[in-house]
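Please read the points below alongside the sequence and the model. They cover pockets, a surface patch and salt bridges.

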Amino acid sequence: HFLGNDPPDSIGYKALSVNLSDLAAKGARGHAYLLSLALPRETPPVWFEGFSSGLRELQEATGITLVGGDTTASPGPLTITITALGLVAHGHAVLRHGAKTGDRLYVSGTIGDAYLGLRLLKDPALASAWDLLEDDSAFLIGRYRRPKPRTELVIPVRNFARGAIDVSDGLVGDVEKLARASHAGALIEAGSVPFSPPAHKALRREPRLLATLLTAGDDYEIVAAVPEASAAAFEAEAQAKGVP
């Protein structure tokens with residue numbers, strides 16, 4: 001889930017962020033986590049410093065604490081395993097199987113940015129092909145390397161969503177998982193899916209990217225199924241938390 005030349009701080013940040021994203025989709029706040037590392041013996045000290053700084057940044061922002069784990073030498077490849085534990089009031093966890101027919105589907109943030117960022121890292125010439133400015137490319141790469149967990153949505157999701165899931169395997173695939181668990185179907189209007197301005201630029205130059213952006217992974221946004229009657233309140237609370 002990362003490239004070998006990614007900055008170590010972004011690797012640490014992402015490794016913890018993707019776990020906090022899972023917790024947020026359940027309406028749970030991060031409490032503690034375990035970290036296991038299997039590292040080649042020649043890993044330099046500067047790598048550990050960068051990796052730790054990425055973890056520390058997210059710990060300080062979210063209040064989660066490292067409580068244990070394991071570190072071992074390995075012939076490679078570098079392997080990082082995090083198990084995160086969250087807290088939610090008994091009986092109030094938002095599961096996948098609670099969505100009902102007629103619920104509205106909401107997704108936080110924007111979709112497909114991480115995929116475009118990964119493509120740019122592998123082929124920088126695409127920036128010109130997609131008519132991207134330097135800031136556009138930096139934004140998309142940042143969305144791949146440092147996904148922001150939607151921890152601000154913990155309370156709105158818990159208060160209003162009947163079912164929720166984090167988008168790690170692609171919007172379409174994860175909505176399908178939510179629908180199957182809830183014994184329902186789901187309809188996604190492609191024209192209503194939120195895309196960032198850089199993603200819109202890429203789509204204008206390469207329209208066939210649409211299907212890929214709807215199915216690509218690593219977004220780490222939250223999809224929530226909200227009853228029609230609670231829709232306005234959910235939108236207002238998410239807006240108050242600063243999450244689109």
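**Notes on pockets and salt bridges**

1. The lining of the second largest pocket is made up of eight nonpolar, six polar and three charged residues. Here Ala, Val, Leu, Ile, Met, Phe, Trp, Tyr, Cys and Pro count as nonpolar, Asp, Glu, Lys and Arg as charged, and the others, Gly among them, as polar. The volume of this second largest pocket is about 310 Å³. Its lining holds 17 residues, of which H1, K14, A15, V18 and I80 are the closest to the centre. Two or more lining residues come from each of α1 (8–25) and β3 (79–87), and α1 gives the largest share, seven residues.

2. On the basis of these values: this is a predicted model, in which local features need pLDDT of at least 70 and side-chain atom pairs count only at pLDDT 80 or more, while totals for chains, interfaces and linings use all residues. Residues are numbered from 1 along each chain as its sequence is written, and side-chain values use heavy atoms, with hydrogens and water left out. Helices (H or I, at least four residues) and strands (E, at least two) are DSSP runs numbered from the N terminus. A pocket is an open set of points on a 1 Å grid over the protein atoms alone, where a 1.4 Å probe fits, with protein on both sides within 12 Å along at least five of seven lines; lining residues have an atom within 4 Å of a point. Grid points are joined across faces, edges and corners, and a volume is the space filled by probe spheres set on the points.

3. At least two lining residues are supplied by each of β4, α7 (171–181) and β6 (221–226). By class, the lining of the largest pocket has 17 nonpolar, six polar and four charged residues.

4. Which residues make the nonpolar surface patch of about 200 Å²? They are L105, V172 and I188. Patches take residues with over 30% relative accessible area and no salt bridge, and nonpolar side chains (Val, Leu, Ile, Met, Phe, Trp, Tyr) are joined within 5 Å, like charges within 9 Å. Areas come from the Shrake-Rupley method with a 1.4 Å probe, and for residues only the protein chains shown count as cover. L105 lies in strand β4 (residues 104–107) and counts as partly exposed because its relative accessibility is 36%. The classes are buried (under 20% relative accessible area), exposed (over 50%) and partly exposed (in between), with a 1.4 Å probe and protein chains only.

5. There are 16 salt bridges in the structure, each a side-chain nitrogen of Lys or Arg within 4 Å of a carboxyl oxygen of Asp or Glu. One of them pairs D218 with K14, with the closest N and O atoms 3.0 Å apart. This pair links distant parts of the chain, 204 residues apart: D218 is in the loop between α9 (209–215) and β6, and K14 is in helix α1. D218 and K14 are both buried.

6. K177 and D169 form another salt bridge, with closest N and O atoms 2.5 Å apart. K177 is partly exposed at 30% relative accessible area, and D169 is partly exposed at 45%.

7. E176 and R180 also form a salt bridge (3.3 Å, N to O). They are about one helical turn apart because four residues separate them in helix α7. E176 is partly exposed at 41% relative accessibility, whereas R180 is exposed at 62%. Elsewhere, salt bridges with shared partners join D113, R143, R150 and E221 into one network.
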